[in-house]
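Here's a quick tour for anyone meeting this structure for the first time. Have a look at the model below, then read on.

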Amino acid sequence: MSGKIDCPHSIQHCEACVDGVYNDYEGNRIKYLTTECRKKQVKAKMLSESGLIGKDIAETFRKAKIDSYNKGPYNYLQNKWNRAEWLYIWSRENGTGKSYTANAIANMLLDEGIRTLVKREVDMANEIQETFSDKSGECEYALMGKWKGVAALIIQDVGKYGCKSEWWPQRIYDIIDYRLINSKTTIFTSNYNIEDRDVIERRFGENHGGAIYSRLNGLCTTIEMDGEDRRIK
């Protein structure tokens with residue numbers, strides 16, 4: 001068996017590797033250093049559980065088209081942002097790069113080994129609603145536990161679902177409050193101004209809107225994404 005060398009194989013070969021010992025196609029036993037392999041395995045698993053799909057996976061700061069609108073925010077997020085700091089990324093307009101920015105943050109955190117989950121608010125509400133009638137999938141308790149417990153949670157389009165159902169404001173308040181108490185990184189994107197109390201209260205109702213408004217304003221650094229609609233530019 002040869003001395004240790006970095007493993008040259010793709011991650012697909014890992015099933016044939018036991019503690020760095022790999023049997024090649026000719027029956028030779030080779031000892032590899034597998035530190036980087038293990039990192040790739042962990043990253044691949046975290047990515048598969050992150051909620052990033054399709055083009056989301058390729059949306060990174062490195063590949064972003066930098067302009068006068070996103071240069072400042074992207075410099076801050078890559079070089080100055082404290083990972084414990086909550087973020088509220090917003091614009092009244094569509095297509096200004098809110099989702100791209102959130103996905104780039106998610107990819108950056110995953111590269112750093114931080115377990116990250118990206119969910120649209122409407123999808124979270126729909127998944128909870130499905131548990132009311134369909135008992136074959138994840139139960140509400142499991143879903144809420146996953147969203148509360150993940151190291152970094154990114155909720156896209158906050159306020160878009162809002163109080164369309166009487167029960168959802170209570171659920172999203174519970175998620176936000178748990179993550180506040182347990183100091184878990186939380187990031188939001190939205191079309192609604194976090195500083196407009198009336199808007200936040202209308203979106204989440206009088207019972208929970210004020211509490212959500214207070215927590216978001218007290219915890220979040222606000223990043224406003226200006227510019228033209230990048231999707232139709």
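Let's start with Glu201, which counts as partly exposed because its relative accessibility is 26% (buried means under 20% relative accessible area, exposed over 50%, partly exposed in between, with a 1.4 Å probe and protein chains only). What you're looking at is a predicted model, where local features need pLDDT of at least 70, side-chain atom pairs count only at pLDDT 80 or more, and totals for chains, interfaces and linings use all residues. Residues are numbered from 1 along each chain as its sequence is written, and side-chain values use heavy atoms, with hydrogens and water left out.

**Salt bridges**

- A salt bridge here is a side-chain nitrogen of Lys or Arg within 4 Å of a carboxyl oxygen of Asp or Glu.
- Both Glu201 and Arg197 sit in helix α7 (residues 197–219), 4 residues apart, or about one turn of the helix. Helices (H or I, at least four residues) and strands (E, at least two) are DSSP runs, numbered from the N terminus.
- Arg197 is partly exposed too, with a relative accessible area of 40%.
- Asp111 is exposed at 57% relative accessible area, while Lys43 is partly exposed at 25%.
- Glu112 and Arg83 make another salt bridge, with their closest N and O atoms 2.7 Å apart. Glu112 is in the loop between α3 and β6 and Arg83 in the loop between α2 (71–79) and β5 (86–90), so parts 29 residues apart in sequence are tied together.

**Inside the chain**

- Met124 belongs to helix α4 (residues 121–133) and counts as buried, with 0% relative accessibility.
- Beyond its neighbours within four places in sequence, Met124 is in contact with Lys119, Trp147, Ile155, Trp168 and Ile175; contact means heavy atoms within 4.5 Å.
- Met124 and Trp168 are 44 residues apart along the chain, and their C-alpha atoms are separated by 9.3 Å.
- Helix α5 (residues 140–149) has Leu143, Met144 and Trp147 as its buried residues. They cover an arc of only 95° around the axis, which puts them on the same side of α5; the arc is that of the directions from the helix axis to the C-beta atoms.
- The cover over those buried α5 residues includes β6 (116–120), α4, β7 (152–156) and α6.

**Cysteines**

- The structure holds 0 disulfides, a disulfide being a pair of cysteine sulfur atoms within 2.5 Å.
- Cys139 is partly exposed at 42% relative accessible area, whereas Cys220 counts as buried at 11%.

**The whole chain**

- The chain has 7 helices and 9 strands.
- Of its 233 residues, 43% count as buried.
- Among contacts with a separation of 6 or more, 76% are between residues 24 or more positions apart.
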